[in-house]
Amino acid sequence: MNVKSEQTTSPITARDEFPNPEIHSLIQSRRSSRIYDPERLLTWEQILLLLEAARSAPSSGNRQPWVYLVFEPSKPEQLEKARSCLNPDNQVWANRAPLLLLAVSEDIRPDGRENTKALHDLGMANQNLLLQATAMGLNCRPMAGFDAEKARKLFNIPEGYTPRVMIAVGYPGDIEDLPVEVQEKERKVRTRNPVDHFAFRGNWQQSLFED
């Protein structure tokens with residue numbers, strides 16, 4: 001016999017009926033921080049944990065269209081090259097991070113067709129990596145502000161692959177070690193649009209909350 005499930009709660013009809021949503025503390029605590037301690041280095045075990053987190057991300061057709069280039073102090077020349085690709089505003093603080101990761105999307109599938117889901121999948125891998133870093137007590141910040149073509153040439157990235165994001169990772173440092181203008185940016189309260197600004201109910205621009 002089929003048993004029809006019953007709705008146990010009424011639809012939310014106003015935003016103020018759901019004033020303080022409690023998402024998971026790991027998601028809530030993640031921040032894109034610019035504050036790093038350049039003296040505290042990550043171990044290779046920690047770096048591999050970050051990459052394992054990225055590896056576990058969902059991916060369309062299990063193609064896993066991501067590549068990460070790892071830059072850390074045991075290869076100082078490569079790390080300096082990676083830093084040189086950053087925009088000057090990012091170099092001010094990101095040069096203090098002991099680990100930089102260059103996230104690259106594989107845009108062409110093995111059959112030669114465009115992988116239209118590559119950016120989506122890389123984004124999920126990056127988020128996994130950022131959340132893993134947060135769980136490990138590390139600061140992390142993804143950056144779009146870098147010279148992708150310079151990175152392509154410096155690190156021999158072939159056609160069909162695109163450098164997308166540089167990620168700084170490291171232990172939290174002292175905000176007072178940063179220039180005043182960077183400190184001001186760090187101290188700004190993070191804001192996000194409410195869900196009813198970007199989520200609609202059944203149709204475009206249809207209010208999420210029932211009238």
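A: Start with a lining. The second largest pocket has nine charged, two polar and one nonpolar residues around it. Here Ala, Val, Leu, Ile, Met, Phe, Trp, Tyr, Cys and Pro count as nonpolar, Asp, Glu, Lys and Arg as charged, and the others, Gly among them, as polar. One caution: this is a predicted model, where local features need pLDDT of at least 70 and side-chain atom pairs pLDDT 80 or more, while totals for chains, interfaces and linings use all residues. Residues are numbered from 1 along each chain as its sequence is written, and side-chain values use heavy atoms, with hydrogens and water left out.

Q: Which residues line the second largest pocket?

A: Arg30, Arg31, Ser32, Ser33, Arg34, Arg141, Lys185, Glu186, Lys188, Val189, Arg190 and Arg192. The space in this pocket is about 300 Å³.

Q: How is such space found?

A: Rolling a probe the size of a water molecule over the atoms shows where empty space is left. The search uses a 1 Å grid over the protein atoms alone: a cavity is a set of points where a 1.4 Å probe fits but cannot get out, and a pocket is an open set with protein on both sides within 12 Å along at least five of seven lines. Lining residues have an atom within 4 Å of a point. Points are joined across faces, edges and corners, and a volume is the space filled by probe spheres set on them.

Q: What volume does the largest pocket have, and which residues lie nearest its centre?

A: Its volume is about 430 Å³. Of its 14 lining residues, Ile23, Gln28, Arg190, Arg192 and Asn193 lie nearest the centre. The lining of the largest pocket splits into five nonpolar, four polar and five charged residues.

Q: How many cavities of 30 Å³ or more are there?

A: One. The largest cavity holds about 30 Å³. Leu41, Leu42, Ile47, Glu72, Pro73, Pro98 and Leu99 line it. By class, that lining has six nonpolar residues, one charged and no polar.

Q: Now the helices. How do I find a buried face?

A: An α-helix has 3.6 residues a turn, so residues three or four places apart point the same way. Helices (H or I, at least four residues) and strands (E, at least two) are DSSP runs, numbered from the N terminus. Buried means under 20% relative accessible area, exposed over 50%, partly exposed in between (1.4 Å probe, protein chains only). Take α3, residues 76–84: Leu79, Ala82 and Arg83 are buried. Seen down the axis, they fall within an arc of 100°, so they line one face of α3. The arc is that of the directions from the helix axis to the C-beta atoms.

Q: What covers the buried residues of α3?

A: The cover includes β1 (66–71), α4 (88–94), β2 (99–106) and β4 (161–170). Contact means heavy atoms within 4.5 Å.

Q: Which residues are buried in α7, and which exposed residues does the face turned away carry?

A: In α7 (residues 180–187), Val182, Gln183 and Glu186 are buried. Their arc is only 105° around the axis, which puts them on the same side of α7. The face turned away carries the exposed Val180 and Glu184. The cover of the buried residues of α7 includes α4.

Q: What is the overall count of helices and strands?

A: Seven helices and four strands. Of the 211 residues, 35% count as buried.
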